[in-house]
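This briefing is meant to be read beside the sequence and the coordinates.

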Amino acid sequence: MKMLRFAALGVAATLALTACSSSDTPSDDATTAGGEKTAEAAEITLWLAGGDTNDELRQYLKDTFAAENPGSTLTIEEVAWPDLVTKLTTALPDEANTPDVVEIGNTQSPTFTTVGAFRDLTPIYDELGGDKLLQSFVDVGSVDGKNYALPYYFGSRYMFYRKDIWTAAGLEVPKTLSEFSESVAKLKTDTQSGFAMGGQDWRNGISWVFANGGELATVDGTTWTSTLSDPKTIEGLTQWQEVYRTASNLPSTERDVAYWDFLNDGTDGSAPAAATIMAPGWARWSIGDITTNDAGDEVRDGMADDTTFDIFALPGVDGGIAPVFAGGSNIAVSAKSQHPELAENLLRIIFSEEYQTKLGGAGLGPGNSDFVSSLGDDKFATTMIETAAASKLTPAAPGWAAIEGAFVYEELFQKIADGGDVAALATEYDAKLTPMLNGGAAG
Amino acid sequence: MSHDAALGVPAHSGPAGPAATGPAATGTAPTGEPPAPRRRRPPSAPYLLLVPAVVALLAGLAYPVGKQVVMSVQKYGLEQQFGQPPEFVGLDNFVRIFTDDALWAVVARSVVFCMVNALLTVVVGLALALLMRAVTTPVRLTLQVCLLLAWAMPMVAGVTVFKWLFDYRTGVVNWLLVKVGFDGMAGYSWLSQPMTFFFVATMIIVWMSVPFVALSLYAGLTSVPEEVLEAARIDGASGRQQLWHILLPMVRPVLSIVLLLQIIWDLRVFAQIRLLQDAGAPVSETNLLGNFIYELGMSRQDFGGAAAVSIFVLALTVLLSWPYVRSLMKEDA
């Protein structure tokens, strides 16, 4: 009996605990301002995605905002990219907890603009740059001719390679895509990838689709159709499968890989794990020899030794430059913001010449095309501008964020990487993706 | 509400359980020192003492569960989250979910995973409890401290360490396997295949749950009277017979309660799987029920469908644990 009572108590207590944890609502520790309606003095919140906006830029925003809006303060909170859509879904509809200004991935914008989550910025569109703003990003942020999300920065990706290894193997910078495939296949050994690429990494992989003139999806009016079975898309996917299988040692399940680690020498000066990688421009600062910065921390020297490390743009099928995935993000004001005037003031700072120039200085492509020259004119800047000009966005379909959230393309690319039949997989995933693209819940 | 109730019975508001069972004992106590004033009236104290627990349960559960039931019969997506009125669709969500093969694959996977993990945890826990009974005090204390440390390890930290151990490139496990002669294991990616993925997941979950089971069972074993065992030994019972015919029947209530709790917990497992998936895994082939609901609701913004699956999981949990609850109630009656 005694033991039974002990047990019964245990059940009661643990079930209560179970109940508490399962009814746990997402707790956003957002620290938004209190109830004051006065536009003069308030605290507004800016959500930035990931760490691309560096500390110096953040401090500039805070200081400038405080100086231009006496009594008001700007709080900047960083949200990790994989959590962004989830956090926005729960925070934006809640006027007590919504961030006032948010950064959002360019292709994630339509998911929120189409449901009215953002404030109409059309009245200040011209003041913030108007036609000078990157139009492909403006388009994904507009609905029915109204602007809800504007370009914050753009990026692109290109190839980083070990010049010493390529030269030792007698290889030159490739002129065409097939030349690239052949070269990296030659560089593969048991311990070194000729070209390090994870099997689920479709954001790099779709470059092969774009290079062959293929598309992931097309739109007719407002109806999206997945076009993986298009012969050009299949050709691109098949070429990518070939490159992965002949040049990469990475598991087919790898996706967000810190490829830059593969290019550096291993511990105790051992050989690097890869001869070539594909990454966004800022990866440069994680590559190179170890040196000590002003603060005394050990950092990479940003590829200072150009006989060892170098870059090139992924070549196209017939030469030139292959279109790559256009990275970047938009910025928008929450429709439920309690301080829209202050939020718009923050946008004025972000789209000012000074801040746009600072973005360029930090290696991020500024949203206003007038200030692209601030990126500089070294090989990193010119390659970035070249590849960005040739880059392409993923489909701006309403269901895009849901597709990313369900890892559908990750799975497709993994199955291709594992040696699956490309044409059959393309048909299978077209059927799965078309309803999802159009926002149909659970296809 | 709960504040008022707590103030009403300050001393007992926390442990409502023992207080609730207490009056039965005091009521029958023949010589209570303070003379009981009104013996005839049905005692109201037990019910009063139940109030805080009931209020807390209602406050914590009634709204979310109620909202869940309502949402499961509505078309509730991102538009509704941003203020559009939800549309009543009857059982559409359930029909849509139940006719999807993906759900049944997840259900089968989850039930198998849950049963394997719960049984494995209880078997390993029981073995450790018997070991603690057999060894000398210093050894037992060392063992208990180790178990407590594993139990106290924050889950995210624990999973991260396991992720590092099984990393295909830099993990200790692959390195060790190569050192002892399994050359094929160099660069083996444990998380890429569903089978090895769940092998790693099982190791993590069993490692984290065993301490609770082992310590609970050990507590149960210590209360088995030594005379009974001594009598058995005099009658010539072997160690195995003592275990099967004396120890296990006597700790059966504890054993069944920890098994029940493990089943409930292992059916709800979410974070460990999610964290492992982040390290690269075929996501749709490794989803368990919790991850499936999260993906449906939070990633695909199909809140109505996610609510429908959640209600199904609630029913499934009740179904799986019902035999244990019923046998417990029978024994108590």
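What percentage of the 333 residues in chain B do buried residues make up? In this predicted model, buried residues account for 30% of chain B.

**Chain B overall**
- The secondary structure of chain B consists of 17 helices and two strands.
- Of the contacts in chain B between residues at least 6 apart in sequence, 70% link residues that are at least 24 apart.

**The annotated span of chain B**
- An unreviewed UniProt entry carries the annotation "domain: ABC transmembrane type-1", which covers residues 107-324 of chain B.

**Helix H7 of chain B**
- Helix H7 (residues 137-152) of chain B has 16 residues and reaches 22 Å from its first C-alpha to its last, which is close to the 22 Å expected at 1.5 Å a residue.
- Because the number of buried residues among the 16 of H7(B) is one, this helix lies largely in the open.

**Strands S7 and S10 of chain A**
- Strand S7 (residues 157-162) of chain A runs antiparallel to S10(A), and five bridges join the two.
- Within this pairing, A:Tyr161 has A:Thr276 in S10(A) as its bridge partner.
- Strand S10 (residues 276-280) of chain A has five of its five residues buried, and it is therefore largely enclosed by the rest of the structure.

Note on methods:
Residues are numbered from 1 along each chain as its sequence is written. Chains are lettered from A and ligands numbered from 1 in the order in which they are written. This is a predicted model: local features need pLDDT of at least 70, side-chain atom pairs count only at pLDDT 80 or more; totals for chains, interfaces and linings use all residues. UniProt positions are given in the numbering used here, feature names are shortened, and annotations may be inferred rather than shown by experiment. A residue is buried if 20 or more other C-beta atoms lie within 10 Å of its own, exposed if 12 or fewer, and partly exposed in between; C-beta atoms are placed from the backbone. Helices (H or I, at least four residues) and strands (E, at least two) are DSSP runs, numbered from the N terminus. Two strands pair if DSSP finds at least two bridges between them. Two residues are in contact if their C-beta atoms, placed from the backbone, lie within 7 Å. The expected span of a helix is 1.5 Å times one less than its number of residues.
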